[in-house]
Amino acid sequence: MSVTPLAAAHPSARPAPAFRGRIGRDARSGHYAVPGRYRLHLAAADPDCLRIAVTHSLLGLDRVCPVTFLPAVPDCPDGGHSALRPLYDASAHRYTGPALAPVLSDDWSGRIVSSHGPDIARDLARRFGGGRATLYPCGAESQIEAVERMCAQGIEAAAQRAGAADAEEAERAAALDTLLTTLGVLEPGLGAHQYLICDQITAADVELWVTLVQLDTVHRNHLDAAAVQRIAGHPALWAYARRLAAHPAFGAHLDLDAIARRHHARCQGLEAAGAAVQILDWETHAADGAEDRPQVNRP
């Protein structure tokens, strides 16, 4: 399946990360690939963390790069995690921002390498993924980036604006049209192919699946019932989401209670009728992976 970015798509509006180091190929990079040297700190209810958790599981990196799972709801007034504060303080002199997840830390130095989700996922796949799943196939990078832009702007940002209480009716309608157009672009290909851009799971599938989870478990709560019914009217897309949820690397990290608690702790919008119109029975898939779900622990 070939993915072409929408004309209206723009670069992702993810917040600028506090740290953006990379794992390089050799010692000259400072952070080179050594099994057991690095550690992930994730709160799986956060979308960026969920993407990394799924990527980590697909690559089978439990022993290569261990994971510390954090509570769904940050426990600091500024929205950060107190468990991550020592790492942030050790990594930046007089750091005053929130201690946010995701974090990739270096156990050798006790400092943070990166807090930028997409870079972390790419480095895990490229530096430690040899002989495992090929999540970034050769020649597919531009298509993966197109999917990332479509998800960030055509689905995530559009859904947020479509349900924003402070937006004018015309603005909400335009945002809903953008969302439905994006879903409509993806629907035919997923009706003919099992995965997004080739005959195996890639980073594009991880990106889209997490975005669809957020759309159904978070954003629909602020849309009217008619809008949610129109979103649900893409059977191939939601069959694809259901199929991936049944995969252990995906379903084991699908903690609906944690997503709901994080959403209610952060959300200031008004609940709408769409909250009662669930698109997928995620609970079934979450139950399938419940025995394998990682437990919250602390650094």
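Predicted model: local features only at pLDDT ≥ 70, side-chain atom pairs only at ≥ 80, totals over all residues.
## Partners of E3

Strand E1, made up of residues 38-42, runs antiparallel to E3 and is joined to it by four bridges. Within this pairing, His41 has Val103 of E3 as its bridge partner.

E3 also pairs with strand E4, residues 111-114, again in an antiparallel arrangement, here through three bridges. Leu104 finds its bridge partner in Ser114 of E4. E3 and E4 together form a hairpin with four residues between them, and in the turn Gly110 has a positive phi of about 75°.

## Packing of helices H4 and H6

Two packed helices are described by the angle between their axes and the distance between the axes. For helix H4 (residues 141-162) and helix H6 (residues 203-217), the axes come within 9 Å and cross at roughly 5°. Angles under 35 degrees count as roughly parallel, and H4 and H6 are therefore roughly parallel to each other.

On the H4 side, the contact is made by Ile144, Val147, Glu148, Cys151, Ile155, Glu156 and Ala159, which meet Ala203, Ala204, Glu207, Leu208, Thr211, Gln214 and Leu215 of H6. The residues of this contact comprise nine nonpolar, two polar and three charged ones.

Notes:
Residues numbered from 1 in each chain as written. Heavy atoms only, no water. Pairing = 2+ DSSP bridges. Helix = DSSP H or I, 4+ residues; strand = E, 2+ residues; numbered from the N terminus. Axes fitted to C-alpha atoms, helices over the stretch in contact; angles between N-to-C directions. Parallel < 35°, antiparallel > 145°, perpendicular 65-115°, else oblique. Contact = heavy atoms within 4.5 Å. Nonpolar A, V, L, I, M, F, W, Y, C, P; charged D, E, K, R; others polar.
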